[in-house]
Amino acid sequence: MNNKVYGYIRVSTQEQNIERQMIALLDAGMDTKDIYIDKQSGKNFKRPAYVRMMRRVREGDLIIVKSIDRLGRNYQEIMEQWRVITKEKKVDIRILDMPLLDTTRTKDLLGTFISDVVLQLLSFVAENERNNIRQRQAEGIAAAKARGIRFGKPKIPMPDNFQELYQQWEMDYISTEDFAALCHVGRSTLYKRIREYRELIHFED
């Protein structure tokens with residue numbers, strides 16, 4: 001049986017564009033039917049498309065990702081998933097933006113050592129950037145409050161602890177239903193407030 005090649009794309013929100021990642025994977029020879037796409041945070045690997053892809057891959061297959069931060073943004077979990085992919089499942093992985101992270105080319109001891117060092121460095125950078133994003137987020141909120149900006153429409157103001165609730169929701173500590181209930185709004189209104197909140201603090205991942 002021929003080995004298969006799978007592509008993986010991730011953006012943090014429904015609004016973000018996947019075009020650059022898609023073009024990179026197509027240029028690498030990918031078929032769109034073998035590309036898995038998640039639109040959610042990279043804080044962990046509990047993502048629907050990623051889970052489906054991992055269930056499908058078999059020994060000798062190849063996973064292609066544009067950059068390491070598209071795989072994830074949590075240092076420990078990136079390292080663990082890399083181990084699962086390459087050691088347990090014996091699947092190759094290729095990071096397009098970093099040719100040294102291509103296990104199809106680094107089968108010897110030196111190549112493996114170099115790729116491991118590069119992986120650790122880039123994984124650390126990815127998590128550090130995620131932490132910086134959260135810091136900018138908090139600073140943006142503080143600056144907005146100092147300017148007298150408030151969240152939500154006057155008729156349905158958001159609670160004072162909206163930022164805290166949002167972070168709990170992002171970390172999967174509370175469900176969307178609970179988030180909406182605590183804000184006393186419906187799902188559609190909640191999603192509007194989340195979009196406004198992200199735009200306000202220039203949230204990027």
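Visitor: What percentage of the 205 residues in the chain is buried?

Guide: This is a predicted model, in which local features need pLDDT of at least 70 and side-chain atom pairs count only at pLDDT 80 or more, while totals for chains, interfaces and linings use all residues. Residues are numbered from 1 along each chain as its sequence is written, and side-chain values use heavy atoms, with hydrogens and water left out. A residue is termed buried under 20% relative accessible area, exposed over 50%, and partly exposed in between, with a 1.4 Å probe and protein chains only. Among the 205 residues of the chain, the buried share is 44%.

Visitor: In what order do the elements of the chain run from the N terminus on?

Guide: Helices (H or I, at least four residues) and strands (E, at least two) are DSSP runs, numbered from the N terminus. The chain holds eight helices and four strands. Read from the N terminus on, these elements run β-α-β-α-β-α-α-β-α-α-α-α.

Visitor: What is the order of the four strands in the open sheet?

Guide: Two strands are said to pair if DSSP finds at least two bridges between them. Strand 1 (residues 5-11) pairs in the parallel sense with strand 3 (residues 62-65) over four bridges, and with strand 2 over five bridges, again in the parallel sense. The open sheet has parallel pairing, and its strand order is 2-1-3-4.

Visitor: Which residue of strand 3 is the bridge partner of Y6?

Guide: Strand 1 is mostly covered, with six of its seven residues buried. Towards strand 2, G7 has I35 as its bridge partner. Towards strand 3, the bridge partner of Y6 is I63.

Visitor: At about what angle does helix 2 run to strand 2?

Guide: Axes are lines fitted to C-alpha atoms, for helices over the stretch in contact, and angles run from 0 to 180 degrees between N-to-C directions. Contact means heavy atoms within 4.5 Å. Helix 2 lies across strand 1, strand 2 and strand 3. Its angle to strand 2 is about 150 degrees.

Visitor: Within what arc do the buried residues of helix 1 fall?

Guide: The buried residues of helix 1 are Q21, M22, A24 and L25. Seen down the helix axis, they line one face because their directions, taken from the axis to the C-beta atoms, fall within a limited arc. Exposed R20 and D27 are on the face turned away from this buried side.

Visitor: Which elements are included in what covers the buried residues of helix 1?

Guide: The residues in question are Q21, M22, A24 and L25. What covers them includes strand 1, strand 2, strand 3 and helix 3 (68-71).
Just after helix 1, G29 takes a positive phi of about 95 degrees. Among the covering elements, the helix is helix 3 and the strands are strand 1, strand 2 and strand 3.

Visitor: Is S12 buried or exposed?

Guide: UniProt, in an unreviewed entry, places the feature "active site" at S12; its positions are given in the numbering used here, feature names are shortened, and annotations may be inferred rather than shown by experiment. S12 lies in the loop between strand 1 and helix 1 (19-27). Because its relative accessible area is 8%, S12 is buried.

Visitor: Which backbone oxygen does the side chain of R47 reach?

Guide: R47 lies in the loop between strand 2 (35-39) and helix 2 (48-56), and R47 is buried because its relative accessible area is 0%. Beyond its neighbours within four places in sequence, R47 is in contact with residues including Y8, R10, D38 and L71. The backbone oxygen reached by its side chain, at 2.8 Å, is that of L71.

Visitor: What is the relative accessibility of K90?

Guide: K90 lies in the loop between helix 4 (75-88) and strand 4. Although K90 is not a glycine, it has a positive phi of about 55 degrees. K90 counts as partly exposed because its relative accessibility is 46%.

Conventions. Polar contact = N/O pair within 3.5 Å; in protein donor to acceptor, adjacent residues only side chain to side chain.
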